[in-house]
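Colleague: I'd like to learn how to read charged side chains in a model like this one. Could you walk me through it?

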Amino acid sequence: MIGKKLDLLLTYLVKKMSNKLYWLEDITNNSDIIEFFVKFSRFEYALKKNGYYIFNKKTNIIIKTNFDKFASKYKKNKLSDKLQDFLIYLDNNPVGKLKSDGTYDKSKESASSEIQRLMRYITIIRNNLFHGVKYSNLLGVDEHQRNKKLITNGILAIDFFVELDDNVYSTYKE
């Protein structure tokens with residue numbers, strides 16, 4: 001886990017927030033969703049610190065993290081069996097992306113390597129969680145079991161990505 005003090009803080013925050021954020025009850029282990037967000041944000045920070053970003057050439061301001069650049073660098077690495085099974089699950093049951101007309105595009109990611117596809121799925125999962133899509137029935141199905149699977153395997157995927165690059169790993173652990 002992330003650390004004993006952080007665990008205590010996260011437990012406290014979940015208890016304080018759960019009466020206001022009804023959707024937290026959708027996750028069996030509420031600390032998993034917090035762990036996913038903390039790990040994702042640390043990973044994103046570590047990528048930016050290590051040059052994986054896109055910036056505005058005029059202002060020199062970072063616009064966004066370049067997840068694709070990182071995934072491309074490590075595209076020949078092999079996934080663990082568990083992550084490979086998760087990727088197959090995601091390929092067969094893609095994560096929905098919100099379209100401008102309010103519907104969802106649930107098409108399979110087209111990146112050529114497993115690492116690149118998994119990275120894209122993880123960023124979509126993060127966006128859906130952060131922006132609330134996973135907490136509604138807008139997709140027309142009960143998402144409880146799926147949410148648990150996305151979050152717990154998402155945590156494993158982030159841990160895997162972090163360990164691919166020594167510099168990213170060092171920054172992540174700061």
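Colleague: Let's start with Asp 165: is it buried or exposed?

Modeller: First, a word on the ground rules. This is a predicted model, in which local features need pLDDT of at least 70 and side-chain atom pairs count only at pLDDT 80 or more, while totals for chains, interfaces and linings use all residues. Residues are numbered from 1 along each chain as its sequence is written, and side-chain values use heavy atoms, with hydrogens and water left out. Now the general idea: buried means under 20% relative accessible area, exposed over 50%, and partly exposed in between (1.4 Å probe, protein chains only). With a relative accessible area of 6%, Asp 165 is buried.

Colleague: Which residue does Asp 165 meet in a salt bridge?

Modeller: Side chains of opposite charge can pair when their charged atoms come close. We call it a salt bridge when a side-chain nitrogen of Lys or Arg is within 4 Å of a carboxyl oxygen of Asp or Glu. Here the partner is Lys 73, at 3.7 Å from N to O. Lys 73 lies in helix α3 and Asp 165 in the loop between α6 and α7, so the pair ties together parts 92 residues apart in sequence. Lys 73 counts as exposed, at 51% relative accessibility.

Colleague: How many salt bridges does the structure hold?

Modeller: There are five. One of them joins Lys 39 to Asp 159, with the closest N and O atoms 2.9 Å apart. Since Lys 39 sits in helix α2 and Asp 159 in helix α6, the pair ties together parts 120 residues apart in sequence. (Helices are DSSP runs of H or I, at least four residues, numbered from the N terminus.) Lys 39 is buried at 9%, and Asp 159 is partly exposed at 22%. Glu 35 is linked with Lys 39 and Asp 159 in a network of salt bridges.

Colleague: What about Arg 126: which side chain of opposite charge is nearest?

Modeller: For charge, Lys and Arg count as positive and Asp and Glu as negative; His and the chain ends are not counted. The nearest one to Arg 126 is Glu 44, 4.9 Å away, and Arg 126 is buried yet has no salt bridge. Arg 126 belongs to helix α5, residues 114-130.

Colleague: Which side chain does Arg 126 join in a polar contact?

Modeller: A polar contact is a pair of N or O atoms within 3.5 Å; within protein, one must be able to donate a hydrogen and the other to accept it, and residues adjacent in sequence count only if both atoms are side-chain atoms. Arg 126 has such a contact, of 2.7 Å, with the side chain of Asn 127.

Conventions. Helices (H or I, at least four residues) and strands (E, at least two) are DSSP runs, numbered from the N terminus.
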